[in-house]
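My notes are below, in the order I looked things up.

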Amino acid sequence: MTVPRASASSGRRWRVPVGETFWAFMFLLPWIIGFVVFTAGPMLYSLYISFTDYNVIRPPDLVGLENYETLFNDRRIPRALGNTAFYAALNVPLTMIFSLVLAMILLRVGRAAGFFRTAFYLPTVTPAVAVGTLFLLILSGNGLLNQALSVIGIRGPIWLADPDYVKQGIVIMSLWTLGSTVIIYFAALRNVPTELYEAARIDGANSWQQFRNITVPFISGALFFTLIVNTIASLQIFAEVFTMFFGLTQSGPAQSSALFYVIYLFQRAFEDLDLGYASAMAWLLFVIILIITAIQIRFSRRFVYYEGGR
Amino acid sequence: MQQRPLTGLALFTVLSLTVAACGGGGATTQPTTGTVPSVVAPSEPAESEPAESEPAESEPAESEPAGSPGAVPSDPVEDADISGEIVVGAQFAEGADEIATTRYDVFLERYPGVTVNWTESNFDPQTFLTSVAAGEQPDVVRMDREIISTYISEGALMPLDDCVADRQIDMGQYYDSAVRQVTFDGQVYGIPEDYSTRIVLINDSVLEEVGLTPEDIDTSDWEALAGINEQLMSVEGGQISRLGFDPKIPEFFPLWVLANGGAMVSADGLTAQLDSPEVVQALEYAVSLITAHGSAAAFTDFRSTGPGSAFFGEENQFTEDSLGAFPMEQWYLNVLAADTPDESVSFQPFRAKDGSEITFATGAAWAIPLGTENYDAACEFIRVVTRPEAWVAAVQVRADARAETGEPFTGTFTANAEANDYIFSNLVTEENAGPYYPHVQKVVELMPDAYALPAVPNGEAFKRIWTEAVRRALDEGVPAAQALADAQVEAQDQIDSGAP
């Protein structure tokens with residue numbers, strides 16, 4: 001492989017790549033162009049917009065830090081962030097636990113695994129709007145969930161209207177679409193060396209000890225990946241909740257317990273035509289996600305085992 | 001690891017997911033608020049968001065309807081010298097009803113030299129903003145009058161003063177409250193189209209069951225109404241099986257404020273009055289009508305998913321006896337007349353505390369976005385489709401259709417007083433409206449004096465703010481005074497930021 005070498009005269013100047021490096025860049029070029037045009041460019045533009053008063057109709061008008069100052073005085077921001085954080089804190093661990101249980105069951109069903117993999121994944125490819133509408137029916141006062149609970153003598157709460165239960169209802173809806181996480185765990189579980197379990201059993205380890213000391217370390221990479229991905233997705237939840245409580249039919253706790261951060265961002269952008277403020281909100285969320293992810297990565301060094309790594 | 005078959009458990013999980021996908025308990029969702037579905041607009045709009053009501057000092061329409069009730073009004077203005085192409089932000093071939101297409105046809109037949117392209121979609125903020133950003137906005141848009149002020153204050157719409165002057169549009173033919181909604185800083189930005197007002201609809205069978213008569217439903221006596229609410233409702237062990245008097249908040253909250261002698265915003269739309277005593281008292285009372293059912297959550301859930309919550313069709317709240325009475329937009333008469341003509345439904349006008357009959361109006365308007373390339377044709381289009389003769393032609397088509405099927409015909413409620421004058425004198429009769437005729441006549445009687453929210457700068461944000469205040473008081477138990485005081489500050493900020 002040809003490596004670009006520094007010029008003798010300048011010491012740090014790059015030469016035009018040649019050979020394999022050149023072709024590597026050429027093959028990467030479509031992605032690079034796409035990234036710059038469709039991701040990096042809009043991101044930078046939104047950063048600029050966040051310092052302006054902009055409604056799409058008129059040109060952006062620079063207002064300095066005004067949008068960011070407003071963020072800290074907007075009483076809906078703490079509410080929206082609080083709702084979103086509560087949802088994420090409940091949804092992410094539950095998604096991981098249920099997905100791991102389902103993946104372990106999948107591992108043991110033998111030939112039928114393919115069918116069940118498909119079955120578990122189907123809800124994931126169901127359109128978010130359809131999921132939201134479906135769960136409006138399931139979570140209603142006399143809906144399927146409460147009917148099922150009544151069979152075992154439990155009087156279910158009013159999931160869609162009681163502010164104390166709205167977010168829990170949304171978590172239940174989210175747990176229905178955990179197919180992606182199941183598939184990731186399933187793949188990770190299949191890569192755990194079976195001889196380790198055999199050795200552990202010979203040494204007298206019980207099922208819990210095998211799970212704790214062999215399974216979890218070996219799939220810790222997958223666990224960590226899904227922790228990050230699900231955290232980010234939870235902090236950005238929008239479509240299902242918007243379908244259930246907002247849109248043309250704002251209902252129930254639309255402006256209270258179901259006001260999630262991205263929904264409020266959408267309202268500010270496309271209902272109030274305040275795209276400058278909405279951009280500032282987007283960047284605040286970006287920073288929050290960045291910090292949470294950094295913390296997760298920092299702590300992952302203690303718990304995540306990469307085979308062949310450190 | 002030992003691979004023990006756990007197919008049964010996996011199968012159970014799959015079945016659970018499948019049952020979840022197929023289930024739903026047979027519950028349906030009642031629409032609460034929203035925009036006008038094109039298939040029924042403008043005669044049968046969906047429940048539209050409420051508009052703030054003006055205080056009682058509103059002025060009458062500028063001029064009396066010019067047409068006599070017995071004659072089809074004619075257009076006194078000569079054809080315009082227009083040609084070229086316009087893009088209209090509305091449905092035509094896909095989903096528009098005869099009330100829309102007939103009026104559009106009136107324009108197309110009158111101006112064959114103008115090519116009209118249709119977006120085939122209703123107004124959508126995202127789509128509109130994207131088209132504006134791309135410089136490809138429609139030449140004409142149709143939007144709710146409640147939100148038009150947002151787009152006016154943001155500079156997205158053109159003033160129509162030249163259009164009104166050049167094409168001799170008599171703004172006096174439209175209801176005054178509708179015109180106020182599209183007038184901003186002294187300039188007209190929209191031509192009103194339809195006109196939704198509210199009356200109280202009463203379930204006769206429920207009243208009979210509890211020994212009341214429709215005359216007992218009097219919204220001017222709040223103490224008595226609270227008692228009647230208790231009589232009408234059916235709640236046992238915390239389970240609601242029938243709502244008493246549904247105040248329809250937050251969407252109809254402006255009506256309660258109006259009834260209490262207040263207004264949520266000043267007549268010029270520039271001063272929020274959400275923390276005024278009249279507004280606070282109205283919210284406290286309306287919330288109490290709901291919490292009397294046990295809890296706001298139980299009430300909301302029953303209204304959204306209980307029997308008759310489908311709202312349309314043969315299983316509505318009246319046929320299912322799941323509601324005693326509620327204030328409702330007049331278009332629902334059309335639904336009841338068509339879907340359950342045999343159901344006995346009475347009505348009462350909504351009365352203010354002083355006993356006067358009140359209502360408030362909402363609806364859509366036509367406007368011309370900034371940057372249109374064919375202003376003259378756009379102007380003529382919105383003038384022609386809101387003219388009385390266009391409305392009468394459209395309503396005649398619907399009347400004929402209803403006559404063929406034998407369904408009651410309750411008319412189409414336009415924002416054009418001249419058109420209504422003819423429609424409700426000639427096309428809607430005791431014979432074809434059947435038992436709904438008195439209802440319709442009362443609605444028509446109240447329409448000229450209906451109140452409506454003036455053009456409030458950043459009107460969409462203003463609506464969201466007071467709606468949130470109502471919900472906080474209702475869902476979270478926040479004291480009405482506190483919720484409205486918080487809202488007042490935010491609302492005034494929004495108004496100030498969009499003020500001219």
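**Entry 1: what I'm looking at.** First reminder to myself: this is a predicted model. I started with chain B and counted 19 helices and 14 strands there. Chain B has 500 residues, and 55% of them count as buried. I also checked how far along the sequence the contacts reach. Among contacts in chain B with a separation of 6 or more, 79% are between residues 24 or more positions apart.

**Entry 2: the nonpolar core.** I asked for the largest nonpolar core and got a set of 211 residues. Leu201(B), Leu283(B) and Phe381(B) have the most contacts inside it. I then looked up which element gives the largest share of this core: helix 3 of chain A, residues 76-108, with 9 residues. I picked Leu283(B) and listed what it touches, leaving out residues up to four places away in sequence. The list reads Phe253(B), Val470(B), Ala473(B), Ala480(B) and Leu484(B).

**Entry 3: helices 18 and 19 of chain B.** Ala473(B) is in helix 18 of chain B, while Ala480(B) and Leu484(B) are in helix 19, and these residues take part in the contact between the two helices. Helix 19 covers residues 480-498, and its axis sits 9 Å from that of helix 18, at an angle of about 170°. An angle over 145 degrees counts as roughly antiparallel, so that is how helix 18 and helix 19 of chain B run relative to each other. From helix 18 the contact includes Phe462(B), Ile465(B) and Trp466(B), and from helix 19 it includes Ala487(B), Ala491(B) and Ile495(B). Sorted by class, the residues of this contact come out as 12 nonpolar, 1 polar and 4 charged.

**Entry 4: helix 11 of chain B.** Is this helix buried or exposed? I get 10 of the 10 residues as buried, so helix 11 of chain B (296-305) is largely enclosed by the rest of the structure. The buried set includes charged-type names too, among them Asp301(B) and Arg303(B). I looked up the cover as well: it includes strand 9 (239-245), helix 10 (277-291) and helix 18 (459-475) of chain B.

**Entry 5: helices 2 and 14 of chain B.** Helix 2 (residues 98-110) and helix 14 (residues 388-405) of chain B have axes 8 Å apart and pack at about 140°. That angle makes helix 2 of chain B oblique to helix 14 of chain B. The crossing of helix 2 with helix 14 of chain B is right-handed. On the helix 2 side I noted Glu98(B), Ile99(B), Thr102(B), Arg103(B) and Val106(B); the helix 14 side includes Trp391(B), Val397(B) and Arg398(B). The class count for this contact is 8 nonpolar, 1 polar and 3 charged residues.

Asp400(B) has 12 C-beta neighbours inside 10 Å, so it counts as exposed.

**Entry 6: a helix pair in chain A.** Helix 11 (residues 220-235) and helix 14 (residues 275-303) of chain A cross at roughly 165°, with axes coming within 11 Å. That makes helix 11 of chain A roughly antiparallel to helix 14 of chain A. Their crossing is right-handed. Phe224(A), Leu227(A) and Ile228(A) are among the contributors from helix 11, and Leu285(A), Ile289(A) and Phe303(A) among those from helix 14 of chain A. By class I noted 9 nonpolar, 5 polar and no charged residues.

Entry 7: Most peptide bonds are trans, and most residues other than glycine have a negative phi. The bond joining Ile249(B) and Pro250(B) is cis, with omega about 10°. Pro250(B) is in the loop between strand 9 and helix 9 (253-259) of chain B.

Asp185(B) has a positive phi, near 55°. It is in the loop between strand 4 and strand 5 of chain B, and its 15 C-beta neighbours inside 10 Å make it partly exposed. Asp321(B) also has a positive phi, near 50°. Asp321(B) is in the loop between helix 11 and strand 10 (323-329) of chain B, and counts as partly exposed with 17 C-beta neighbours inside 10 Å.

How values were computed: Residues are numbered from 1 along each chain as its sequence is written. Chains are lettered from A and ligands numbered from 1 in the order in which they are written. This is a predicted model: local features need pLDDT of at least 70, side-chain atom pairs count only at pLDDT 80 or more; totals for chains, interfaces and linings use all residues. Axes are lines fitted to C-alpha atoms, for helices over the stretch in contact, and angles run from 0 to 180 degrees between N-to-C directions. Helices (H or I, at least four residues) and strands (E, at least two) are DSSP runs, numbered from the N terminus. Angles under 35 degrees count as roughly parallel, over 145 as roughly antiparallel, 65 to 115 as roughly perpendicular and the rest as oblique. A crossing is left-handed if the near helix is turned anticlockwise from the far one by less than a right angle, and right-handed if clockwise. Two residues are in contact if their C-beta atoms, placed from the backbone, lie within 7 Å. A nonpolar core is a set of buried Ala, Val, Leu, Ile, Met, Phe, Trp, Tyr and Cys residues joined through C-beta atoms within 7 Å. A residue is buried if 20 or more other C-beta atoms lie within 10 Å of its own, exposed if 12 or fewer, and partly exposed in between; C-beta atoms are placed from the backbone.
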